[in-house]
Amino acid sequence: VGRGSLWVLRGALTAPSPQDWEQRQEEDTLLIERILLLVRNVLHVPPDPTEEQGVDGDASVHDRVLWALHISGMDDLLKFLASAQAEQQWALHVLEIISLMFRDQSPEELAALGQGQAAAEHGEDTRELETLRQRELTERRARALQRPSRHSRFGGSYVLQGLKAIGDRDVVFHKGLHNLKSYSHDLGKEMRRVPRRRQAA
């Protein structure tokens, strides 16, 4: 079965398909059934090892037929026929075609194929995430080294005994101890501006 003939079969299948199943003519129903049976019979042909003497890893005739079905879009049409509620009369034909598609495959091989690919992708994603994490850590360390060293302005609070504040309480000093020598009650207050004409000569 060539790709061109599969396109013709797919076109013949899609022509009556959009019609409502109640309005479908008997010829359309027979045409759909004959096409499904033809696809089933093509897939049912057993492999001939003497005819298929290809290189190891080369696609077999069955695989090439499956690829032609995929290229022509017949597999999407089969999925539609299998899942549509109004097309349940074709369910057994579609089920038989799908079982013949997977005829040469064992369930273990199919499951391992999907898991192997998923495991490889997962391992690659993990490695990529680890390299991104390491890069972010090195950038963070470099930024921390470039940051200027600032100490906290809060040097502590100290009570100066012997100096009285307002209300006969001891003075609370909020600066560092190295600023204690230059302490006065006017520390932190704004200087009152004296106009130039009133300044002392």
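What share of the 201 residues in the chain is buried? In this predicted model, buried residues make up 18% of the chain. The fold has 6 helices and 2 strands. Along the sequence, these elements follow the pattern α-α-α-α-α-α-β-β. Among contacts with a separation of 6 or more, 50% join residues 24 or more positions apart.

Start with the core. The largest nonpolar core holds 15 residues. Within this core, Leu36, Leu43, Leu78 and Ile97 touch the most other members. Two or more residues come from each of helix 2 (26-44), helix 3 (61-72), helix 4 (74-83) and helix 5 (91-101). In soluble globular proteins, nonpolar side chains tend to be buried together. Leu78 gives a view of the packing. Setting aside its neighbours within four places in sequence, Leu78 is in contact with Leu36, Val94, Ile97 and Met101.

Now look at helix 4 itself. Its buried residues are Met74, Asp75, Leu77, Leu78 and Leu81. They span an arc of only 160° around the axis, so they lie on the same side of helix 4. The face turned away from this buried side carries the exposed residues Lys79 and Ser83.

Met74 lies 35 residues from Val39 in sequence, and their C-alpha atoms are 9.6 Å apart.

Asp75 is also in helix 4. What is the nearest side chain of opposite charge to Asp75? It is Lys79, at 5.3 Å. A salt bridge needs a nitrogen to oxygen distance within 4 Å. Asp75 is buried yet has no salt bridge. Leaving out neighbours within four places in sequence, Asp75 is in contact with Leu69 and His70.

Lys79 does have a partner. Lys79 forms a salt bridge with Asp76, with the closest N and O atoms 3.5 Å apart. The two are 3 residues apart in helix 4, which means that about one helical turn separates them. Lys79 is exposed, with a relative accessible area of 53%. Asp76 is partly exposed, at 46%.

The model has 4 salt bridges in total. Side chains of opposite charge can pair when their charged atoms come close. Glu96 forms a salt bridge with Arg40, the closest N and O atoms being 3.4 Å apart. This pair links distant parts of the chain: Glu96 sits in helix 5 and Arg40 in helix 2, 56 residues apart. Glu96 is partly exposed, with a relative accessible area of 30%.

Helix 6 (residues 107-146) holds another pair. There, the side chains of Arg133 and Glu130 meet in a salt bridge at 3.2 Å, N to O. Arg133 and Glu130 are 3 residues apart, so about one helical turn separates them. With 45% relative accessibility, Arg133 counts as partly exposed. Glu130, at 37%, is also partly exposed.

Strand 1 (residues 158-164) and strand 2 (residues 170-173) run antiparallel, joined by 4 bridges. Val159 stands opposite Val172 in strand 2. The hairpin of strand 1 and strand 2 has 5 residues between the strands. In this hairpin, Gly167 takes a positive phi near 80°.

Definitions and conventions
Residues are numbered from 1 along each chain as its sequence is written. This is a predicted model: local features need pLDDT of at least 70, side-chain atom pairs count only at pLDDT 80 or more; totals for chains, interfaces and linings use all residues. Side-chain values use heavy atoms; hydrogens and water are left out. A nonpolar core is a set of buried Ala, Val, Leu, Ile, Met, Phe, Trp, Tyr and Cys residues joined through side-chain atoms within 4.5 Å. Buried means under 20% relative accessible area, exposed over 50%, partly exposed in between (1.4 Å probe, protein chains only). Contact means heavy atoms within 4.5 Å. Lys and Arg count as positive and Asp and Glu as negative; His and the chain ends are not counted. Two strands pair if DSSP finds at least two bridges between them. The arc is that of the directions from the helix axis to the C-beta atoms.
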